[in-house]
Amino acid sequence: MTDRRSFLKHLGAGALGLSILPALACTGRSESSSGDESESDKKLFFDISLAQWSLHKTIFDGKLDNLDFSATAANTFGIHAVEYVNQFFKDKAKDTAYLTDLNQRAKDNGVKNVLIMIDGEGPLGSTVEKERLQAVENHYKWVEAARFLGCHAIRVNAAGEGTPEEVKAAAIDGLGRLSEFAAQHSISVIVENHGGISSHGDWLSAVLQGVGKENCGSLPDFGNFYEYDRYQGVTDLMPFAKGVSAKANVFDEHGNEVNIDYRQMLQIVKDAGYKGYVGIEYEGSELSEEEGIKATKRLLERVGAELS
């Protein structure tokens, strides 16, 4: 994901909306760009989920309520697994009535709750011990909420200020403490390459190696590499992967992502032996959020079928 805090500062400048229309008949598959459904019918080596951030403009514009996200995933996109973002229900982590409703709506639509992406709860890699320990505790409620919803994980950030080595040591400590708590609830703590030093695959993989806990892993994002080669970064992180984020922004006339070679990325994912969820995270502006999600799904299905 991109820097959401900077995005929020500029959100007022005309975020694009999305028309969420219930499907008349949900087949669980998107249409093939070629009109031949044989590719999308083929069993993929991974499952597709929908990251809620793909609809952040729609949600921030008040056109989609968090409670209706699972129904939209199923009925508009034919996707039956979802990844929530805590920003969209940040005051509901301990609200069991709300979480019960959220969970029931997912079940009613045949949707699996996969994970919750956590932001704004403090830097787990803070070199200031008091701040780091508070951040760890701030995440506890989301571990419990994830367990309540039947998720397998929460996605967190390995952020902090200091030298790479200082932040590495702090992140190992913070992630380790949080993972110990999460293990008591059968929840994994997975870290995304999410800007700063965490977008260096070698650094983040070394952090996860240092934590050394079975329930502490990675969420490699195809797009969140800036100074670091994206293909090397995903390769670095796949040995720890408990989720994968398929970032997409711009598509060409053939339906390929302009800046990311999906065939190369998914080959890396497959070579690592990964068979879990690959979450669609569309962040582009040339297509609407609805069309961008559908385009990303078609691309994943097409390339995934070729590699399966």
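## Basis of the description

This is a predicted model, in which local features need pLDDT of at least 70 and side-chain atom pairs count only at pLDDT 80 or more, while totals for chains, interfaces and linings use all residues. Residues are numbered from 1 along each chain as its sequence is written, and side-chain values use heavy atoms, with hydrogens and water left out.

## The sheet

An open sheet is formed by 8 strands in the order 6-5-4-3-2-1-8-7, with parallel pairing; strands are DSSP runs of E with at least two residues, helices are runs of H or I with at least four, and both are numbered from the N terminus. Two strands count as paired if DSSP finds at least two bridges between them. Strand 6 (216–219) and strand 7 (244–248) each have a single partner strand and stand at the edges, so one side of each lacks a neighbour in the sheet.

## Strand 4 and its neighbours

Strand 4 (residues 153–156) points Ala153 and Arg155 one way and Ile154 and Val156 the other, and all are buried, where buried means under 20% relative accessible area, exposed over 50% and partly exposed in between, with a 1.4 Å probe and protein chains only. Strand 3 (residues 112–117) runs parallel to strand 4 and is joined to it by 3 bridges, with arginine 155 as the bridge partner of methionine 117. On strand 5 (residues 188–192), which is also parallel to strand 4, the joining bridges number 4.

## The packed helices

Helix 6 (residues 129–149) and helix 7 pack at an angle of about 30 degrees, with their axes 10 Å apart; axes are lines fitted to C-alpha atoms, for helices over the stretch in contact, and angles run from 0 to 180 degrees between N-to-C directions. The two helices are therefore roughly parallel to each other, since angles under 35 degrees count as roughly parallel, over 145 as roughly antiparallel, 65 to 115 as roughly perpendicular and the rest as oblique.

Helix 7 and helix 8 (residues 201–211) pack at about 45 degrees, with their axes 9 Å apart, which makes helix 7 oblique to helix 8. Contact means heavy atoms within 4.5 Å, and the residues of helix 7 that meet helix 8 include Pro164, Val167 and Lys168, while Trp203 and Ala206 are among those on helix 8.
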